Amino acid sequence: MNLILLGAPFSGKGTLARQIAKDFGLVHISTGDLFRENIKDGTEVGNLAKSYMDKGQLVPDSVTIAMLKERISQKDCKKGFVLDGFPRTIEQAKALEKIAKIDAVIELDVSFDEVRRRCLGRRVCSKCGEIYNTSTYNKTTCKACGSPLFQRDDDNLETVNHRLEVYEKQTSPLINFYADRLFVVKGENSPQETYKPVKNFLKRSD
Ligand code: ADP
Ligand code: ZN
C-alpha cells in the first residue's frame, strides 16, 4: 500500500505518518527530513535546498523529484510507503504518477488560524530535539533532558503566513488532483483522535 498525506504546514502530517507506518508496516518518507539530512551532511542538494527552506519557499521541483525518486527506488520501499510532504505541486504529483501507484491520499484538514497558533507556540529542545507546544507544555526546559527550549528562527508569523500562501497556491490544487482517492480527516483534535478514522479507513482499503 502506497499512501500520500496532504495538509498545510503544522497540520500534523509527520505524527500521523509515523503512526500509520508503524501500524501498517510502511516506510515513512518525509521530504523535509530528507532535505534536513542533506543539509546536515553538507551535500549539494542540501546546500541548494537550504536557501529555499530558510525563506519558506518550495525547493525547485527538479531537485525534489530527483531526490524522492532515488529514495523510492530503494529496496525497503517495496513493502509500501507513506509520503509526508510530497507531492507539494501538481508537477511533483504528475512525476510521481510515472514512478509509483498511489492507493490513497489522506488530507489533514486544519484551519489556518490553528496553523498559526501551532507555529508560534512550537518550542524545540536545544539538546535532544524534542518538540513541545506552549498550549500543552508551557515551560522553558525540556521534560526529557532538562535542557533549555528554544523557538526556531522560522517559527514566526511572517514565515508561517508565507508558507500558508505557498500551500494555498501550489499544494491545495492537489486535493482536486486526487479527488478519486481522497480521504479527508479533521486535524484539530488530539493525534489519537485524528488517527482513529484514518486507521479504520486504511483497514478497509488494505
Ligand atoms: P514542516 O516544517 O511543516 O514539517 P517540512 O519538513 O515538510 O515542513 O518541509 C520543510 C521545507 O522543506 C519546506 O518548507 C520546503 O522548503 C522544503 N520541502 C519539503 N518537501 C518539499 C517538496 N515536496 N517540494 C518542495 N519543497 C519541499
Ligand atoms: Zn531535551
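Trainee: What is the geometry at the site of the zinc ion, ligand 2?
Mentor: The site is tetrahedral, with angles of 99 to 120 degrees among the 4 donor atoms. Keep in mind that this is a predicted model.

Trainee: Which protein atoms are the donors of the zinc ion?
Mentor: The SG atoms of Cys125, Cys128, Cys142 and Cys145, lying 2.3 to 2.4 Å from the zinc ion. Along the chain the donors follow the spacing C-x2-C-x13-C-x2-C. Cys125 sits in strand β5 (residues 122-125) and Cys145 in the loop between β6 (131-133) and β7 (149-150), so this pair, 20 residues apart, links distant parts of the chain.

Trainee: Is Cys125 buried or exposed?
Mentor: Cys125 counts as buried because its relative accessibility is 2%, and the cut-off for buried is under 20%. Cys145 has a relative accessible area of 34%, so Cys145 is partly exposed.

Trainee: Now ligand 1. Which residues come nearest?
Mentor: There are 14 residues around ligand 1, and Thr31, Arg36, Gln57, Gly85 and Arg88 come nearest. Helix α2 (residues 31-40) gives the largest share of the shell, 4 residues.

Trainee: How many of the shell residues are charged?
Mentor: The shell has 3 charged residues, along with 5 nonpolar and 6 polar ones.

Trainee: What is 2.7 Å from the side chain of Arg36?
Mentor: An oxygen atom of ligand 1, with the distance taken to an N or O atom of that side chain. A nitrogen atom of ligand 1 is 2.8 Å from an N or O atom in the Thr31 side chain. For Gln92, a polar side-chain atom lies 2.9 Å from a nitrogen atom of ligand 1.

Trainee: How much of ligand 1 does the protein cover?
Mentor: The protein covers 89% of the 560 Å² of accessible area that ligand 1 has on its own.

Technical notes:
Residues numbered from 1 in each chain as written. Chains lettered and ligands numbered in written order. Predicted model: local features only at pLDDT ≥ 70, side-chain atom pairs only at ≥ 80, totals over all residues. Heavy atoms only, no water. Near = heavy atom within 4 Å. Polar contact = N/O pair within 3.5 Å; in protein donor to acceptor, adjacent residues only side chain to side chain. Areas by Shrake-Rupley, 256 points an atom, 1.4 Å probe, with all protein chains shown as cover. Helix = DSSP H or I, 4+ residues; strand = E, 2+ residues; numbered from the N terminus. Nonpolar A, V, L, I, M, F, W, Y, C, P; charged D, E, K, R; others polar. Donors = N, O, S within 2.8 Å, 3.2 Å for Na, K, Ca; no water. Tetrahedral: all angles 85-135°; square planar, octahedral: opposite > 155°, others 65-115°. Buried < 20%, exposed > 50% of the residue type's maximum accessible area, 1.4 Å probe, protein only.
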